[in-house]
Amino acid sequence: MSESKLAGQFFDAAIGLLERVRDEEGERVSEAGAVIAEAVAAGNRLFAFGAGHSSLPAQDVVYRAGGLALMNFLAVPGTVGIDVMPATLGSALERVDGLAGAVLDSSPATAGDVLVIISLSGRNALPVEMAMNARALGLKVIGVTSVAYATETKSRHASGSYLKDHCDIVLDSKITVGDAELSLDGIDAPFAPASTVVTSAIMQAVMAAAAGELVSRGVEPPLLRSGNVDGGHEWNGRVLKQYGDRIFFRH
């Protein structure tokens, strides 16, 4: 079978986006890593949130081999992915006012903790209010979003603002509005979204920066090892025990 031209075009598009993020967002990625490292060193907790497909990069850094054991997923029931029926319910819940405040109030997050909020468009009520409420509680907020949506779409929050307007640090994924990299005569809709590839890479880059920053502070990063290598389970058991008061995905 010959190589697919479209497949190659998608790889090229994704690589181009990754290069843009590396070159244009590198300084802010380092800043985000430093904020996370500071929280770890100070005894605070780490959380990540995303709804719908934006939950995938958030989940990717939780309980992950090679990742920081302290990263917890802040779940909003019904919005995590396609585990609810109908799947459109998750999208509808992202537009519900007040839901973010209820979730934060019942979560273990407190002042000094860090919350990474991932939302491609950053226009829905849930991520906007999540950021607003988190900052009001004294959390540091890192937003991962496509800034282009703020100029090309209308906010769905009553304030008219976007996720990017309520963050201490904003990481721009550079994804175009609509999240589809390819088009072709004979196909009416654009296709091949790259947001998950790029945003997951951003999250892992931030974690890498945080690990490096911790080492520079003389702190061993609380990293997990793969359970599929010899000694991995024993290593993870020690880490989970040492930092048990800041790890919530095991309860």
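Select His157 to begin, and you will find this residue in the loop between α6 (149-152) and β5 (169-172), where helices (H or I, at least four residues) and strands (E, at least two) are DSSP runs numbered from the N terminus. The model is a predicted one, in which local features need pLDDT of at least 70 and side-chain atom pairs count only at pLDDT 80 or more, while totals for chains, interfaces and linings use all residues. Residues are numbered from 1 along each chain as its sequence is written, and side-chain values use heavy atoms, with hydrogens and water left out.

Is His157 buried or exposed? With a relative accessible area of 12%, His157 is buried, a word that means under 20% relative accessible area, whereas exposed means over 50% and partly exposed lies in between (1.4 Å probe, protein chains only).

Now show the surroundings of His157, which touches Arg123, Ala125, Val128, Glu129 and Met132, not counting residues up to four places away in sequence; contact here means heavy atoms within 4.5 Å. The side chains of His157 and Glu129 are joined by a polar contact of 3.2 Å, that is, a pair of N or O atoms within 3.5 Å, of which, within protein, one must be able to donate a hydrogen and the other to accept it, and residues adjacent in sequence count only if both atoms are side-chain atoms.

Next select helix α5 (residues 125-136). Among its buried residues are Ala125, Val128 and Glu129, and the buried residues of α5 pack against β1 (46-50), α3 (88-93), α4 (99-105), β3 (114-118) and β4 (140-145). Finally, move to Gly138, which follows α5 and has a positive phi, near 95°.

Conventions:
The expected span of a helix is 1.5 Å times one less than its number of residues.
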